[in-house]
Structures are given as structure tokens and as C-alpha cells.
Amino acid sequence: MESGGATLREIHSQPEVWGRCLNTLDKLDLEPLVGDKDPRTHEWLFVGCGTSYYLAQAAAATFTVLAAVPVRAVPASEILLFPGLVFPNEEAAIFPVLISRSGHTSEVLQVAEFLRQRGVEFLAVTCDGNELTHLSTRTLKLPVTEESTVMTSSFTSMLMALQYIAARLAGQDEFVDALHALPAALARLLPIYGPRIEKFAQRSFDDAAFLGQGALYPIASETALKVMESSSSYAQFFHTLEFRHGPMSIVSEKVLVGALLSETGYTEESAVLLEMKGLGGCTLAIANQLSPEVLRSADLAIELALPVPELARLVVYVVWSQLLGSRLGLRKGLDPDSPRHLSRVVTLVH
Ligand code: F1P
């Protein structure tokens, strides 16, 4: 198969995969999964590794806003190494959600065992299933099959599923309707921006920084990870306005500064990106609607134009980094289907 073929195919399959997942979710009975775990009485704790950890953070942001409750996200290793930090109070009613595409990642399975020994029930969210599904009676297995090492459609589908659950629990049916509008919206955007990203990726960068705030911070984090994984390039991520507090000293014409601009913070966030352009950086702007100054100055501008609430747009913001990572990798002569040093699942041998 052509280099990067599987990853690119999976990225482009997302409209169809999302449609299939939403269909599954519409038929799902949430009662046995989470019916007795009201987020107002149980603190939901999202857990994962790598891409699934950023997914955990994005899901937590969604729950906090939609259900108006405090929620946390931690990497699985944090529970294993510092349980006292994550569970300071043994009596607290906590409902963990373990997220793992493979259901086979050692740290996640060890957390499942840790919880089982303490009698803490948890929800498993997965695509492949595997051992994880045998460790909990509460399992959500999505109809997503991914061959690639890097997670693309699995990330967006599992995030969409958790957003769906948040909306249902919060009684926000219009948010569920908004999610249903996304497959068609992405199908419209891919032929417009796919070729532009391919062209943009012909440039070479010494360094890259991706910026986002609020619920877009975990998406900026995943954006950087995708670029690192698929193109073996170094990429960092920051809260957008934090970039002025030191990191901007890296900016030069060989540095890519990519900003995932929110609607809420657009004025302040876009000012950072314009400043970085002024300092000579190469800029990428992604927003639902871009101002004329940003459209004029950005080296690549992606406008989503999605008529849905801001939080429902998260999965569409991430798709461009999936393409960018793969295209940069291909330009460097790498195979994004087999990233250097990575395996599809991290299994630790003791
Ligand atoms: C998580 C993960 C991936 C990463 C890598 C190894 O997997 O860390 O995010 O790309 O290839 O595994 P999972 O627990 O979601 O299966």
C-alpha cells in the first residue's frame, strides 16, 4: 500500500464513521451504563493515555460546561503512581471513565484492576474492546476499526460519544442535534481544505507550536501530538495567551504557529496569532469564522462555518492536524502508517 495510505483513508472516512457512531448512540440505552451515576452526585473522572488522555481532557471540559459540574481528567499513570493525588478522599463518590481505543494499553488495564480491587465501578469506552471490556460490566464499544498506529477517527468518535452522553445527561437535546450535523459538515470541508493542507505541508519547519484555550486546549495538545507522531517533528502546545509569556522567543520564519481560535476568546486569541505573524512566524489559523486581518495574514486559514454550538465543533477542529501530521510526514519521506519508535498499543512488560 502507498505510504500513509491507511492513516489518510481513516482520516477521510470520518464523516461516514461519525454517522455510524451516532446511529449506535441513538439506539443505546444509557440507563445501565450511567443511569445511577448522576454527574451532580458522582465526580466523573476521565482517564486515558496519549491521544486518549487528551480526549479525556476534552470530554471533561464538555461535561463541566454542559452538566455544570466539576470534572477531572488524568493520565492513567497518575492514578498508578500517585493515587493519593487523584483519590485524596476514599469516601468521595467518583465515577471513572476509562478511555482506550485498543482496550489493551497496560496502564489503563492496571487502573481497571486498581479500581476493581477497591470496588469502584467504572465505564469503559473503547473501539477494539479487548481485555478492558472484560473488566467492567459498563462498556461502550464503538463501531470504529482503525488499522493505523496513530489515532484519528477513534479519537473523534470516542470524543463525540462522550459529548453525546454529556448532552443526554444534561437534557440538552439540541446539542445532540448539533452533533448529528457534523458528518455532513466535515464531508463538505474535507475536499476544500485537504488539498490546501497538502500544499502547505510542502514547507519545512524547525519547530511547531499549537495554541488553544478553553476546551480547545486539549485539541491543541492532540494537534501537537498528531504532528509529532505522524511526522517525527517536535511540536509543542500552549494556552494561546500563555505563548507571549516566554515561548514566543522561538518564533522565526521556520517556526509554525498554529492557533485553534475559539469564538468566545476570538479577539484576544487572534491578536496573539497576528503578533506572531508580525514577528516573522509562519501561521495557521483555524476558527469557525475568521476576521479579515487573520484571513489576510495567515499562511493557511481554515474556516469551519459550522452552525452549531462552540463545544460541538471540537472534533472538526482536530481533523486538520491529522492531515497536516500525515502530509508533513510524507513530505519528510516517512510513512505515517508506521511512525518511528511507536507501536499501536503501549504494553509494559514487568
Ligand atoms: C493510546 C496510545 C495512543 C498512541 C500510541 C500508543 O492507546 O497512547 O494514543 O498513538 O500509539 O497508544 P489506547 O489506550 O487508546 O489504545
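A residue is called buried when its relative accessible area is under 20%, exposed when that area is over 50%, and partly exposed in between, as judged with a 1.4 Å probe and the protein chains only. The structure above is a predicted model, in which local features need pLDDT of at least 70 and side-chain atom pairs count only at pLDDT 80 or more, while totals for chains, interfaces and linings use all residues. Residues are numbered from 1 along each chain as its sequence is written, and side-chain values use heavy atoms, with hydrogens and water left out.

We begin with charged pairs. Side chains of opposite charge can pair when their charged atoms come close. A salt bridge is a side-chain nitrogen of Lys or Arg within 4 Å of a carboxyl oxygen of Asp or Glu, and the whole structure holds 18 of them. One of these joins arginine 9 to glutamate 147, with N and O 3.4 Å apart. Arginine 9 belongs to helix H1 (residues 5-12), whereas glutamate 147 sits in the loop between strand E5 (138-141) and helix H9 (153-169), 138 residues apart; helices (H or I, at least four residues) and strands (E, at least two) are DSSP runs numbered from the N terminus. Glutamate 147 is exposed because its relative accessible area is 52%, while arginine 9, at 43%, is partly exposed.

A second salt bridge pairs glutamate 146 with arginine 101, their closest N and O atoms being 2.8 Å apart. Because glutamate 146 lies in the loop between E5 and H9 and arginine 101 in the loop between strand E3 (94-100) and helix H7 (106-117), the pair ties together parts 45 residues apart in sequence. Glutamate 146 is buried, with a relative accessibility of 5%, and arginine 101 is also buried, at 3%.

A cavity is a set of points, on a 1 Å grid over the protein atoms alone, where a 1.4 Å probe fits but cannot get out; its lining residues have an atom within 4 Å of a point. The structure holds one cavity of 30 Å³ or more, and the largest cavity has a volume of about 50 Å³, a volume being the space filled by probe spheres set on the points, which are joined across faces, edges and corners. Among the residues lining the largest cavity are Phe210, Leu260 and Trp320. Helix H15 (314-331), strand E9 (282-287) and strand E10 (300-303) each supply at least two lining residues, and H15 gives the most, with three.

Notes. 1 Å grid on protein atoms, 1.4 Å probe; cavity = no way out; pocket = protein on both sides within 12 Å on 5 of 7 lines; lining within 4 Å.
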